[in-house]
Amino acid sequence: MLRKNNIWIFFVILFTGCLLLNIDSFALDKKKKELAPLPPPPIPKDNPMTPEKIELGKKLFFDRRLSGDGTTSCASCHDPEKAFTDGAEISLSYPTTRNFRNAPTLINTAYAKTQFWDGRAKTLEEQAEFPVMSPFEMNQNLDFVEEEIRIVPEYREAFKKIFGQEVNIKLIAKAIAAFERTLISKNAPIDRYLKGDKNALSEEAKKGLEIFKGKGKCIECHYGPYLSDQKFHALMVPENPKYANEDKFIVTRRYIAKINKFPDYMNVKDDLGRYFKTKKKQDYKAFKTPTLREVAKTAPYMHNGIFKTLDEVIDFFNKGGGQGNKALKPLNLSLDEKKALKTFLVEALSGEDLKIKPPEIP
Amino acid sequence: MKLVIKFFPYKYRDYARIAAEAAVEAWRQGKFKEMHNLLIKKSPRLDRESLIQYARDLNLDVEKFTKAIDNFEGADIIERDLKLAKDLDLYVTPAFYINGLKVLGVRDYDYFKAIIMEELKNVKKK
């Protein structure tokens, strides 16, 4: 009898524990799904910011030596004049090749927990090397670029002064990352509004905010200061028909599948997103939730730039996403609601324009 | 509307420079547009023999054409345009200026259409 009671007590404790855990995680989840003003960006302990390092990173960011043929710098696809995108559906490519994804903005990328649409890099430092060595982006050799930078006396001196070391690719990446962490939205109306300035948003934008948080369900994935859950979702965005059957595009997609050791890489028909990297079922055609900050300036949208306007994006979500997706359901937003939501996205989330003047390259 | 084409042969392609020479000579013989379109259509088959065949296809004076591309007779024009690109800090090809708006890299029809329609609207307003 005593033993039976003990078992009951055990189950009651277990059940209560689970319940408390659930309530706790639910509360945590609820708490997370709020909008918040931008705090100062997180700075990694192993790459502290200094004005000299930021300036060096800025020079390297604009330096075409980082590409194999000397025609492309980071700024080519992350152009300050285009909100640090290139404004193209599919990002610009190394001559005679084709990229296969859209160039995301670098504004506020300091807050991202992973980099790239598929999250394959965890830090900006790690990210910086990828496009430099990618055959369809900058097509440069990392050992070679070290020497190309090291041969420039001004660079060599700067690296010694800032890092106390000779030029190497890891330090090049650190300097670029330090510069990129300065690209932050400033004084966006949403930040002023969240800090208490109730006049920072127009009435239409306030209505849009309510839709964002309510019927539109945008906040389910776009929350926190960065307006992203930093997760990966398979919304089944259609393939971009302009490129889907183009040879150069197919070459790049196959190449990506191949280097990720995808078994049937020659027959990959779609961009499988994070699945290429993880091979996990839940990552099949999943892409990172992008920030919505500065979204009015960063068209075209989605990982393949298939939507030219915010209206098209809102319509996509309103109809419940792409064919076969399990993440979204139709929203049934009226025309007025869609209009208000767009007003919120455009008006509230746009900070002051970042003025970055290209530096003198040594 | 006015379209001006400048030469910017990509320095790391074997036939870019000779193809530019072919276009200059075709221009001198009054068939720049035809040669330009043919070069884009036939790229990357832009070796000397192919270019001579294209000149033949366009009914150009083939002897004059061959002499021109072999002797780099278009060099003054090509070098002038390369200098202009350098002065404008242009390294990417193709590069475009639409009423002063710089557009770099390969873009699709819709991209240009949107810009040009916007510019036309501004012209009408003026």
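**Exercise 1. Determine how H1(B) and H2(B) are oriented relative to each other.**

Solution. Step one is to take the geometry of this predicted model: helix H1 (residues 16-28) of chain B and helix H2 (residues 32-42) of chain B pack at an angle of about 155 degrees, with their axes 7 Å apart. Helices here are DSSP runs of H or I with at least four residues, and strands are runs of E with at least two, numbered from the N terminus. Axes are lines fitted to C-alpha atoms, for helices over the stretch in contact, and angles run from 0 to 180 degrees between N-to-C directions. Step two is to classify the angle, where under 35 degrees counts as roughly parallel, over 145 as roughly antiparallel, 65 to 115 as roughly perpendicular and the rest as oblique; H1(B) and H2(B) are therefore roughly antiparallel to each other. Step three is to list the contact, two residues being in contact if their C-beta atoms, placed from the backbone, lie within 7 Å: H1(B) contributes B:Ala19, B:Ala22, B:Ala23, B:Ala26 and B:Trp27, and H2(B) contributes B:Phe32, B:Glu34, B:Met35, B:His36 and B:Leu39. By class, this contact has eight nonpolar, one polar and one charged residues, given that Ala, Val, Leu, Ile, Met, Phe, Trp, Tyr, Cys and Pro count as nonpolar, Asp, Glu, Lys and Arg as charged, and the others, Gly among them, as polar.

Residues are numbered from 1 along each chain as its sequence is written, while chains are lettered from A and ligands numbered from 1 in the order in which they are written. Because the model is predicted, local features need pLDDT of at least 70 and side-chain atom pairs count only at pLDDT 80 or more, whereas totals for chains, interfaces and linings use all residues.

**Exercise 2. Locate the buried residues of H12(A) and find what they pack against.**

Solution. In helix H12 (residues 310-318) of chain A, the buried residues are A:Val313, A:Ile314 and A:Phe316; a residue is buried if 20 or more other C-beta atoms lie within 10 Å of its own, exposed if 12 or fewer, and partly exposed in between, with C-beta atoms placed from the backbone. Seen down the axis of H12(A), they fall within an arc of 155 degrees, so they line one face of the helix, the arc being that of the directions from the helix axis to the C-beta atoms. These buried residues pack against helix H13 (335-348) of chain A.

**Exercise 3. Examine the backbone at B:Pro44 and A:Lys261.**

Solution. Most residues other than glycine have a negative phi, and most peptide bonds are trans. A cis peptide bond, with omega about 10 degrees, joins B:Ser43 and B:Pro44, and B:Pro44 is found in the loop between H2 and helix H3 (48-57) of chain B. Phi of A:Lys261 is positive, near 55 degrees, and A:Lys261 is found in the loop between helix H10 (247-259) and helix H11 (275-278) of chain A. With 9 C-beta neighbours inside 10 Å, A:Lys261 counts as exposed.
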